[in-house]
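Please read the briefing below alongside the sequence and the model. It is arranged by topic, with the cut-offs given where each term comes in.

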Amino acid sequence: MKQEQVGELGLSVGYVLKQVHASLRTAMDETLRPLDLTVPQYACLELLGQDAGLSSSELARRAFVTRQSMNLVLRRLQDRGLLTRPDEAPHGRALPSRLTDDGQAILRRASTAVRTVERQLFAPLTPEQQLRLREDLATCLPSAARVRPVTDG
């Protein structure tokens, strides 16, 4: 049986998507550094800014990090006074997190900076092309959740 190969990497959607992701991540890292934030910390702030009271587990899922990593992110942000969490869970075991006034202020600065990076990255595309790209990628999300590693044998 003939083995199918990826072929020319420049024609691979996945490879180009990874290149764009790497460029975006690098630019975000550089943009957030002066605010003393990492990308996962920013993601956490952004998620809490949009949906206060999320648990650590829910934040980890939505920020694409492990629960252990999210606990470190939350501890660092809490130590900086950017968010609060109760000492005891009001219901069950989840500790809902909320942004402080300082957390909301740094979120505004970080969000503006990250949005500027995103605008620069996607500037070659018209607003209509950007919408189409978002829609096309969103269409792939359900199948992305079902993708499994291919093994020999």
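Predicted model: local features only at pLDDT ≥ 70, side-chain atom pairs only at ≥ 80, totals over all residues.

Residues are numbered from 1 along each chain as its sequence is written, and side-chain values use heavy atoms, with hydrogens and water left out.

**Overall fold**

- The protein has six helices and two strands, where helices (H or I, at least four residues) and strands (E, at least two) are DSSP runs numbered from the N terminus.
- Along the sequence these elements follow the pattern α-α-α-α-β-β-α-α.
- Of the 153 residues, 25% count as buried; buried means under 20% relative accessible area, exposed over 50%, and partly exposed in between, with a 1.4 Å probe and protein chains only.
- The protein exposes about 11,300 Å², of which carbon and sulfur atoms supply 53%, the areas coming from the Shrake-Rupley method with a 1.4 Å probe and, for residues, only the protein chains shown counting as cover.
- Among contacts (heavy atoms within 4.5 Å) between residues at least 6 apart in sequence, 49% join residues at least 24 apart.

**Nonpolar core**

- A nonpolar core is a set of buried Ala, Val, Leu, Ile, Met, Phe, Trp, Tyr and Cys residues joined through side-chain atoms within 4.5 Å.
- The largest such core has 26 residues, and those touching the most other members are Leu-32, Leu-37, Cys-44, Leu-45, Leu-59, Met-70 and Leu-77.
- Two or more residues of this core come from each of helix H1 (13–32), helix H2 (39–50), helix H3 (56–63), helix H4 (67–79) and helix H5 (101–121), and H2 gives the most, with seven residues.
- Leaving out residues up to four places away in sequence, Leu-77 touches Leu-37, Gln-41, Cys-44, Leu-45, Leu-82 and Leu-83.
- Cys-44 counts as buried because its relative accessibility is 0%, whereas Cys-140, at 42%, counts as partly exposed.
- The count of disulfides (pairs of cysteine sulfur atoms within 2.5 Å) comes to zero.

- Ser-56 lies in helix H3 and is buried, since its relative accessible area is 13%.
- Not counting residues up to four places away in sequence, Ser-56 touches Arg-67, Met-70, Asn-71, Leu-74, Arg-85 and Leu-95.
- Ala-52, in the loop between H2 and H3, is partly exposed at 47% relative accessibility and, apart from neighbours within four places in sequence, is in contact with Ser-97 and Arg-98.
- The C-alpha atoms of Ala-52 and Leu-99 are separated by 7.3 Å, although the two are 47 residues apart along the chain.

**Salt bridges**

- There are seven salt bridges, each being a side-chain nitrogen of Lys or Arg within 4 Å of a carboxyl oxygen of Asp or Glu.
- Asp-36 and Arg-76 meet in a salt bridge at 2.7 Å, N to O; Asp-36 is in the loop between H1 and H2 and Arg-76 in helix H4, 40 residues apart.
- Arg-62 and Asp-51 form a salt bridge at 3.2 Å, N to O, linking helix H3 with the loop between H2 and H3.
- Glu-58 and Arg-61 both lie in helix H3, three residues apart, and their closest N and O atoms are 2.8 Å apart in a salt bridge.
- Glu-58 is partly exposed at 21% relative accessibility, whereas Arg-61 is exposed at 54%.
- Salt bridges that share partners join Asp-51, Glu-58, Arg-61 and Arg-62 into one network.
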